[in-house]
Amino acid sequence: MDATDMGGDLAKVLLSEEQLQTRLDELAAQVDADYAGRDLLLVGVLKGAVMVMADFARRLHLPIQMDWMAVSSYGAGTTSSGVVRILKDLDTDLSDRHVLIVEDIVDSGLTLSWLLSNLRSRNPASVEILTMLRKPEAAKVDVDVRYVGFEIPTEFVVGYGLDYAEKYRNLPFVGTLAPHVYAD
């Protein structure tokens, strides 16, 4: 799927495929250097982080392991219920492991803050965060994100794992939707 497949649904491309891939190369080089000689476990947060995790992991020169978690802080609507639920937990024991949480986007930081606390309670050697996108103006809690691909404005974005109503995840770029797509 590309921009032409979206027809009038695409408002603009915020980050191109080339920009995303170049930044992943840079992040992977930094993580390779920072974790040299250590046993690294990547923890992807489903569903959004699938694209970032796959592309990032292939760029690393370290031997790594991967695991996945799915968490939700939303009830039936589109606003947070304030309660985080684990929908799929890790299969891996984190004791004495170096853990790198891989995220597609950090928005309010509420769910990620909870996840960080949860994973730290499992006795890892370390826990850090890598995210492709961060919206600093949307932050409601301060979460220390060690590796950030791009800081973006507080706009609703899709593509590269991010969705609207489970669509647009497979776009190779990050873009914004035309208002008619999500208008009531």
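## Helix packing and nonpolar cores

Phenylalanine 56 is in contact (heavy atoms within 4.5 Å) with Leu24, Leu27, Ala28, Val31, Leu42, Leu100 and Leu130, leaving aside neighbours within four places in sequence. This is a predicted model, in which local features need pLDDT of at least 70, side-chain atom pairs count only at pLDDT 80 or more, and totals for chains, interfaces and linings use all residues. Residues are numbered from 1 along each chain as its sequence is written, and side-chain values use heavy atoms, without hydrogens and water.

Phe56 is among the residues with the most contacts inside the largest nonpolar core, which has 28 residues. A nonpolar core is a set of buried Ala, Val, Leu, Ile, Met, Phe, Trp, Tyr and Cys residues joined through side-chain atoms within 4.5 Å; buried means under 20% relative accessible area (1.4 Å probe, protein chains only). The largest share of this core, 5 residues, comes from α1. Apart from this core lies another, of 20 residues, including Met69 and Val99.

The axes of α1 and α2, lines fitted to C-alpha atoms over the stretch in contact, come within 9 Å and cross at roughly 55°.

| Helix | Residues | Contact residues |
|---|---|---|
| α1 | 17-34 | Gln21, Leu24, Asp25, Leu27, Ala28, Val31, Asp32 |
| α2 | 50-59 | Val52, Asp55, Phe56, Arg59 |

Glutamate 128 is found in strand β6 (residues 126-134). Glutamate 128 is buried, with a relative accessible area of 18%.

Technical notes:
Axes are lines fitted to C-alpha atoms, for helices over the stretch in contact, and angles run from 0 to 180 degrees between N-to-C directions. Helices (H or I, at least four residues) and strands (E, at least two) are DSSP runs, numbered from the N terminus. Buried means under 20% relative accessible area, exposed over 50%, partly exposed in between (1.4 Å probe, protein chains only).
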